[in-house]
Amino acid sequence: MDYSLKKVMKITAVMKCSLLALIYTGYHFLPFNLENFRVNSMGPAAPPDFWSTLSTWDAQHYLFLAEHGYAPQQMSNSFYPLLPFLMGVTRFLFFNRTLASGLVLSHLFTFAAMAYLYLLARKNYGEKTAYYSCLLLLAFPASFYLGLVYTESLFLALAAALFYYAGEDRLLPAVLCAALLTLTRPTGLLVLLPVLAGLFLKEYFKGKGFHFSKWLLPLGFLGGYGAYLGLMKVLTGDYFAAAHSERFFSTNYSTAHLFNPVDWFVNNFIKTDFSVAGLHSGALNRLLFAAYLPALAFARRHLNRTLFFYSLVLGLVPALSGDFASYMRYVIVLFPLFIFLAVKLKEKADYYLLACLPLQGLFALAHSLYYWVA
């Protein structure tokens, strides 16, 4: 059987085209949630059209930033600048249609993410595991976000590229990825922790000892984040504009929750009136977290310590710092766990695909028609 990267790219293209066709069909034949659309729309509430299904929820903020930029006391300041910057500088290629530039970039980043994931997994586990790592991630129920104007595909591409280049002892592109991660989303800075672990454990740049050059990698994170803070200060007058803009949103994320685990547990599992897929009370997000914990424990035997620590930090911190809003979406970037699943399930991957692909189609429709946000 063909387990090549070329085949992965073809499957990725087919899946992305199929999802767009599904969303297009859903818009024309299924009811659209006008109430949610009007409540969550930015600017004048124009009647929805097909393009409204591709500019939902957070995507509106990235589109706004790409067109108008940051300003003091602005709701969209909560979102990080790399994706809207790239959309802004490339939209001239699409006749100034920002949504088109965002969608194309998101799909290009998806292909890049699959390429780096494949190369990373192939080096340590072989072609077959690399092939199934990509397929299992693409089929994950929330992975339709990889084709929308969200940061999942960009973050995933940069994170996989970072660890690929570190494994190849290619310092400069790894440093660039580190800096760009901190400009993509808040959790980008968290990747510094597994990178430090990998350097101290000598899993990367093994022949360099404590030579200064390899410590440029963590400095890449600090430099990128410093640039982000400086940019926010210049444009909004507030270094921490993103954190202060959270008051505009109904989410309950705060690092303070990390220091009150008992209260976090009580509020999320005892006092919650559960719903199937509610933003704050969704049982789906909590069930996914319950599946994530044993998967992480079993993955320890199959992943190097750096990738295990990446999955630990990027999976636990978003869960323990809030109320699981959008947790299903955050799991997409935990690419080492999909490598682990490929190791364990590659002979039974068809069962996973049969279960997950219909769910992804259902969730994509629910999201695009304004019934649900992961």
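# Buried helices and ring pairs

Tutor: The buried residues of α3 pack against α2 (34-40), α4, α5 and α15 (327-330), and it should be kept in mind throughout that this is a predicted model.

Student: What makes α3 a mostly covered helix?

Tutor: Eight of the eleven residues of α3 are buried, where buried means under 20% relative accessible area. The buried residues are Asp58, Ala59, Gln60, His61, Tyr62, Leu63, Leu65 and Ala66, and α3 is followed by Gly69, whose phi is positive, near 80°.

Student: Which residues of α4 are buried, and against which helices do they pack?

Tutor: In α4, which covers residues 82-90, the buried residues are Leu82, Leu83, Pro84, Met87 and Thr90. They pack against α3 (58-68), α5 (98-125), α7 (152-167) and α8 (171-182).

Student: Why is the pair of Phe37 and Tyr370 called edge-to-face?

Tutor: The structure holds 32 aromatic pairs. For Phe37 and Tyr370, the ring centres are 5.3 Å apart and the planes stand at 85°; centres within 6.5 Å make a pair, and planes over 60 degrees apart make it edge-to-face, so that is the name the pair receives.

Student: Why is this pair said to tie together parts that are apart in sequence?

Tutor: Phe37 lies in helix α2, whereas Tyr370 lies in the segment after α17 (349-368), so the pair ties together parts that are 333 residues apart in sequence.

Student: How do you know whether Phe37 and Tyr370 are buried or exposed?

Tutor: Phe37 has a relative accessible area of 7% and Tyr370 has 0%; since the cut-off for buried is under 20%, Phe37 is buried, and Tyr370 counts as buried too.

Student: What makes the pair of Phe200 and Trp215 tilted?

Tutor: Phe200 and Trp215 have their rings 5.3 Å apart, centre to centre, with 55° between the planes. An angle under 30 degrees would count as stacked and one over 60 as edge-to-face, so tilted is the class that remains. Phe200 is in helix α9 (residues 192-200) and Trp215 in the loop between α9 and α10, 15 residues apart, and the pair links these distant parts of the chain.

Student: Which residues do ring pairs link into a cluster?

Tutor: The cluster consists of Tyr24, Tyr27, Phe32, Phe37, Phe50, Trp51, Trp57 and Tyr370.

Student: Why is Thr236 called buried?

Tutor: Thr236, which is found in helix α10 (residues 216-236), has 9% relative accessibility and therefore counts as buried. Leaving aside residues up to four places away in sequence, Thr236 touches Tyr70, Ala71, Pro72, Asn77 and Ala241.

Student: Why is Leu219 called partly exposed?

Tutor: Leu219, which is also placed in helix α10, has a relative accessible area of 42%; that value falls between the cut-offs of 20% and 50%, so Leu219 is partly exposed. Leu216, Leu219 and Leu222 form a nonpolar patch on the surface, with about 240 Å² of accessible area together.

How values were computed
Residues are numbered from 1 along each chain as its sequence is written. This is a predicted model: local features need pLDDT of at least 70, side-chain atom pairs count only at pLDDT 80 or more; totals for chains, interfaces and linings use all residues. Side-chain values use heavy atoms; hydrogens and water are left out. Helices (H or I, at least four residues) and strands (E, at least two) are DSSP runs, numbered from the N terminus. Buried means under 20% relative accessible area, exposed over 50%, partly exposed in between (1.4 Å probe, protein chains only). Contact means heavy atoms within 4.5 Å. Patches are made of residues with over 30% relative accessible area and no salt bridge: like charges are joined within 9 Å, nonpolar side chains (Val, Leu, Ile, Met, Phe, Trp, Tyr) within 5 Å. Accessible areas come from the Shrake-Rupley method with a 1.4 Å probe; for residues, only the protein chains shown count as cover. A salt bridge is a side-chain nitrogen of Lys or Arg within 4 Å of a carboxyl oxygen of Asp or Glu. Rings of Phe, Tyr and Trp (its six-membered ring) pair if their centres lie within 6.5 Å; planes under 30 degrees apart count as stacked, over 60 as edge-to-face and the rest as tilted.
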